[in-house]
Structure formats: structure tokens, C-alpha cells
Amino acid sequence: MQSEDIYDVIVVGAGHAGCEAALAAARMGHKVLLLTINVDNIAQMSCNPAIGGLAKGHLVKEIDALGGEMAKNADETAIQFRRLNTKKGPAVQGTRTQNDMYLYKQRMRKVLESEENIHIRQAMVDRLLVKDRKVYGVETSIGEKFFSRTVILTTGTFLRGLIHIGLTHFPAGRMGDPPSNKLSENLMELGFEIGRFKTGTTPRLDGKTIEYSSLEIQKGDENPRPFSFSTKEIKLPQVPCYITYTTPKTHEIIRSGLDRSPLYTGVIKARGVRYCPSIEDKVVKFPERPRHQIFLEPEGLDTVEVYPNGISTSLPIDIQIKMVRSIPGLEKARIIRPGYGIEHDYVNPIQLKPNLETKLIENLFFAGQINGTTGYEEAAAQGLMAGINAVLKIRGEEPLILSRSQAYIGVLIDDLVTKGTDEPYRMFTSRAEYRLLLREDNADFRLRDIGYRLGLVDEETYRDFCEKRRKVESLLKRLNEFKIRPEPSVQDRLRELGTTPIKNVVSLAQLLKRSEISIKDLVVFDEELKNIEDQVAEEVETRIKYEGYIKRQERQVEQLKKIEEIKIPEDIDYSKVHGLTKEAVEKLSRIRPLTLGQVSRIPGITPASIVALQIYLKKEGIR
């Protein structure tokens with residue numbers, strides 16, 4: 001049986017990547033079919049009930065600046081906001097929310113259903129319809145065929161998903177949902193290099209059985225800072241989290257169960273998330289640590305279910321129960337759902353172009369955990385870019401490829417397609433060379449124009465941004481032009497502010513460079529600064545205080561642009577490039593970099609190889 005409709009884009013999977021991909025393509029005016037194994041679990045928070053964090057918050061802000069939905073959805077369903085790393089510089093600060101996981105998926109489903117260009121269908125895709133190395137649709141487990149000009153796979157942990165609880169294991173995409181086995185087999189038949197990763201989750205607890213009075217309370221920020229640049233108010237009640245710790249007894253219980261642990265008996269062979277290890281991994285690898293921190297995170301306003309962040313595990317259920325009850329405050333806690341580990345297939349992302357289209361099959365795009373990443377935010381960022389680029393491919397337009405100096409999204413995708421990954425990839429601020437240019441607060445300055453040009457940012461939102469930009473430029477001009485003199489009244493005010501007197505005429509901008517002076521302090525010299533909006537004030541203050549560092553990074557970006565702009569033909573025969581080693585020829589032929597800049601980031605490619613390639617391109621008249 002086949003569908004009468006022909007879609008522009010078929011999105012397979014409705015997790016965080018699939019939702020963004022479908023919305024981006026639909027908002028750009030194209031007809032989308034969103035296929036999911038279970039429509040009740042659209043945008044499901046399968047792991048912790050939270051969005052953002054260090055570096056991940058940057059991704060969420062960038063998604064918002066480009067016109068994606070994750071930031072708005074997080075703000076609308078947040079029950080706690082926290083700004084992380086506030087004692088450090090602005091480049092490494094990050095926003096994180098605790099979310100009502102039920103409201104989160106309800107709202108996202110409503111947004112998808114309200115989009116007239118999206119048709120949602122519950123179905124399991126078993127294979128891709130491919131002819132002459134071009135995808136033209138999908139076939140489901142019940143024999144339905146749907147046709148499309150492009151297909152985006154956002155399969156999460158569902159490709160040959162296998163859940164482990166102790167030595168018991170069973171096929172599942174996540175607890176309660178079936179895996180997608182035939183699609184994985186189909187990808188292998190098509191020639192894709194498939195690998196296997198492992199991730200896991202914690203047992204969920206009954207909040208009624210937790211003794212909170214003995215625990216450390218962790219409240220959210222008094223003045224919440226939303227993710228979306230468009231959010232005007234926080235609507236939901238804000239609730240606290242609680243902190244507790246494992247004990248030596250907890251560790252003893254965990255060690256007693258290692259002989260039945262799938263991780264330590266060799267049952268799980270896949271590579272896990274290094275930066276988010278299971279509690280059994282922490283206990284074994286850090287035996288000197290007497291305790292490990294646990295955050296008790298509520299899963300919603302209308303549920304008693306609690307997520308104990310920090311004890312992800314695949315230990316047997318009897319050990320899980322004993323382990324939980326050995327933790328202060330959880331002595332009488334009951335488990336609602338057991339923790340588990342899950343193995344799943346992924347496709348080596350070196351097989352992708354920087355626009356997330358596969359090299360093997362034309363018009364086929366991958367986004368999310370299928371590319372070896374972990375995390376809602378990394379998935380959503382890829383989904384957004386895949387949706388945009390699928391539409392641009394249909395239109396015959398140039399793909400949108402964000403540079404490493406332009407966005408964390410650019411760093412994420414460049415890392416994946418250039419270096420690949422041998423472990424679940426997670427975003428960190430340390431992965432970005434130009435992180436002072438890629439702050440959370442300036443994501444709109446970096447990307448809003450692009451979102452508007454693509455049709456993903458509406459007129460009102462874009463007008464608001466243009467007004468904000470005008471105010472920032474106006475304030476910068478005012479602070480540079482407003483001068484103060486070393487007069488007695490000025491010196492007195494400076495002493496009151498706890499800073500040293502001035503010897504010469506200085507501008508307010510020069511004064512603001514002092515670490516002890518904030519933009520609010522300058523009101524004593526210029527009363528017109530009283531009514532500056534917080535977002536405008538913060539942007540201006542950061543630009544002025546870090547001006548020297550920002551300019552240095554901008555100069556580095558300009559220097560690197562020269563090799564980033566040197567394009568390499570996709571059909572180049574690297575064996576003809578004199579001076580390349582056999583290893584370099586093999587790597588370059590496999591990865592097929594699009595620019596000389598991308599070549600420079602491939603592990604093992606030497607400066608000599610880059611020079612050899614540069615000479616060859618010049619000789620052939622390509623650059």
C-alpha cells in the first residue's frame with residue numbers, strides 16, 4: 001500500500017531532533033511527514049527532566065536565535081531556572097532548567113499539531129526506498145510506502161536498542177517502546193558503517209517516600225533568566241531540588257552486585273558516555289572517593305516521581321533497591337521505575353557532509369544520536385540544521401554550514417563530520433576555540449539574521465531584535481562619548497564605588513573596563529543609564545570589559561578565514577596530490593573535506609600535507 005501524498009521532507013523519529021527538523025522544514029513552507037513509533041511520546045524526556053547546562057545552554061540559545069522551538073518549550077514548562085558558572089567569565093556561564101517533563105512533551109506536540117505543513121503519523125519505518133543511490137521515501141513495518149524528496153533519520157536510541165537491568169536484557173528503544181531493528185539492518189545493507197554505543201538512566205523514585213527534611217535544599221535563581229530571547233515572563237510555579245550523597249555503605253552494596261552487572265561481566269560491550277558515567281563506574285574507577293553527589297529532581301508539578309541525578313545504573317533491581325535505601329533521605333524510598341542501560345546502533349558521522357546529508361545516499365540526512373551524540377540539546381541542534389538543509393537541498397540552494405567561530409552548532413557538526421567519534425559525543429565549552437565570541441547572551445547577534453533570512457524568525461521577533469541591536473549600538477556610542485574629568489566630586493564618587501581616582505579625562509567606557517565597576521554603577525555619572533534593559537546592559541558591559549580578548553579572537557578568525565574559504569572539489573583524486581602520505585590520502589578520500597580549513601582539523605593530517613594540497617589546488621587553478 002502506498003500513500004497518495006508526496007512530501008518534501010519525511011522525518012523519522014519525533015524526539016528532540018525530529019521535532020526541530022520537522023518544524024524547521026514546515027516553517028520554511030514545505031510539506032512534512034513526521035513518523036514516530038508512538039505519538040504519545042513525542043518530545044519525550046527519556047532521561048533527566050532538564051534542558052541546558054554548560055555548553056548545552058549555548059546550543060539551546062542558538063536554536064532559539066535561528067528560530068527553533070526548544071528554548072520556548074523549555075521556558076514554558078520550566079519549574080526551576082539556574083544559571084551555572086556565574087563566578088566565572090561570561091563565555092563559560094550556562095543556563096539550565098528543570099522541566100515538567102509531561103508538560104514539555106504536551107506543549108511540543110501541540111506546537112507540531114498546530115503547524116499546517118506537518119502531518120504526524122504513528123508508524124515504524126523498516127527500510128528506506130532508494131534508487132540510483134537517491135532516497136525517495138520509506139516503507140513501514142506494515143508495508144505502507146510514503147514518498148518524499150528528502151528523508152531525515154532521527155532515530156535516537158531505537159536502532160537495535162537493547163535494555164539491560166542486571167543480567168536480564170530485552171529489545172527496546174527505551175523502556176516501554178519497541179526497538180527499530182530492520183531499519184538498522186537496511187542501513188548496513190546500503191553500505192553504512194554502523195557502531196554501537198551505550199547510555200543509561202537512573203531509577204525513578206516515589207517522592208512521597210523521600211525524607212526531604214534531612215536534605216540540603218537547592219533553590220533556583222530568584223530572578224530567572226529564560227532561554228528564549230522572546231520570553232517575557234515565567235509562567236509556572238518554581239520548585240526546589242534537593243541534594244544528597246552516596247555513602248561507603250552504598251559503595252559496598254554496589255560492589256556486591258558487580259558480578260551481576262552487565263557492564264562488569266562483559267554483557268555490555270558498547271562504549272558508554274565518559275562524562276556521565278554510571279554509579280557503578282564511579283565507584284569502581286574512583287575508589288578513593290567516599291561519596292558521590294546526587295540531585296533529587298522533580299519530574300513535574302503534578303507527579304510524585306523524582307529523578308535522582310547521579311545514580312544512573314544497570315545493576316540488578318535488588319541491588320538498586322538496597323543502593324537507593326543506603327542513601328541519606330532515601331532510607332524508605334520506593335522505586336517507581338528501575339534504572340537501566342541501553343545499547344543502540346549509531347552511524348559513523350564521518351559518512352556525513354557538513355550539511356548532515358549522507359555521502360552514500362543523496363537526499364538522506366541524519367540528526368541526533370544516530371550520529372553518535374548524547375543529549376537532548378545536541379540532538380535538537382542537529383535536527384534544526386538537518387531540517388533547514390533538507391529544504392535548501394530541495395530548492396537547489398547553498399547549504400547552511402555554520403562555522404566554528406559562528407556557533408557551538410558549527411563546532412558540534414564540524415567535530416562530528418571531520419573527526420568522527422569513538423564515544424558518545426557531548427558538547428563542552430572547551431571544544432570551542434572561540435568561546436568568548438560564542439557566549440549565550442550574544443547568540444541572537446550571531447544568528448538571528450540567518451534565522452530571519454530563512455523564514456524561521458517572524459517579523460515581530462525580528463523587529464524586537466533589531467531594536468535591541470540599535471539600543472546596544474547607541475549605548476556603546478554614549479559610553480564612549482560621555483567623558484568625566486578628575487574633579488573633586490567625581491573623585492569622591494569613584495571612592496564611594498570602591499575604585500581608584502582618575503588622573504585624566506576618561507570615558508565611561510574606559511571606566512567600565514575596571515573589574516570592580518558595573519554598568520549600573522555608572523548611573524552616578526549619567527542618570528540616563530537608569531532605564532537600560534538588562535539584556536542590553538549585559539551585552540554592552542561584556543563587549544567593553546572583554547574588548548581586548550574579543551578583538552584578539554576576531555583577528556584569529558580573520559586569519560583562519562583565508563584557508564576556510566579555499567574550497568576543495570568533492571571529486572578530487574587525492575592520490576594525484578604530490579607530497580601526501582598514504583595515510584593522508586586514505587583519510588582525505590574517506591572524509592572528503594569541503595574546505596582547506598576542514599582538512600586542517602582532521603586528526604593526523606600534518607601541516608606538510610596541508611601545504612601540499614594548497615600547492616596542488618593552486619596549480620590546478622582551483623583556488
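Which residues have the most contacts inside the largest nonpolar core? The views below come from a predicted model, in which local features need pLDDT of at least 70, side-chain atom pairs count only at pLDDT 80 or more, and totals for chains, interfaces and linings use all residues. Residues are numbered from 1 along each chain as its sequence is written, and side-chain values use heavy atoms, with hydrogens and water left out.

**View 1. The largest nonpolar core.** L128, L153, I388 and I409 have the most contacts inside this core, which has 95 residues. A nonpolar core is a set of buried Ala, Val, Leu, Ile, Met, Phe, Trp, Tyr and Cys residues joined through side-chain atoms within 4.5 Å; buried means under 20% relative accessible area, exposed over 50%, and partly exposed in between (1.4 Å probe, protein chains only). Helix α9 (residues 376-395) gives the largest share of the core, twelve residues. Helices (H or I, at least four residues) and strands (E, at least two) are DSSP runs numbered from the N terminus. Another core, of 27 residues, lies apart from the largest one and includes V472, I484, L508 and L522.

**View 2. The surroundings of I388.** With neighbours within four places in sequence left aside, I388 is in contact (heavy atoms within 4.5 Å) with A24, M28, L400, L454 and L456.

**View 3. Packing of helices α6 and α8.** Helix α6 (residues 248-256) packs against helix α8 (residues 317-325) at about 175 degrees, and their axes are 9 Å apart. Axes are lines fitted to C-alpha atoms, for helices over the stretch in contact, and angles run from 0 to 180 degrees between N-to-C directions. The two helices, α6 and α8, are therefore roughly antiparallel, a term for angles over 145 degrees. T250, I253, I254 and S256 of α6 meet I319, K322 and M323 of α8 in the contact.

**View 4. The pair of Y212 and Y242.** This aromatic pair is tilted, at 4.5 Å centre to centre and 40 degrees between the planes. Rings of Phe, Tyr and Trp (its six-membered ring) pair if their centres lie within 6.5 Å; planes under 30 degrees apart count as stacked, over 60 as edge-to-face and the rest as tilted. Y212 is partly exposed at 26% relative accessibility, whereas Y242 is buried at 18%.

**View 5. The pair of F445 and F465.** The ring centres of F445 and F465 are 5.6 Å apart and the planes are at 75 degrees, so the pair is edge-to-face. Both residues, F445 and F465, are buried. Ring pairs link F445, Y452, Y462 and F465 into a cluster.

Terms used:
Parallel < 35°, antiparallel > 145°, perpendicular 65-115°, else oblique.
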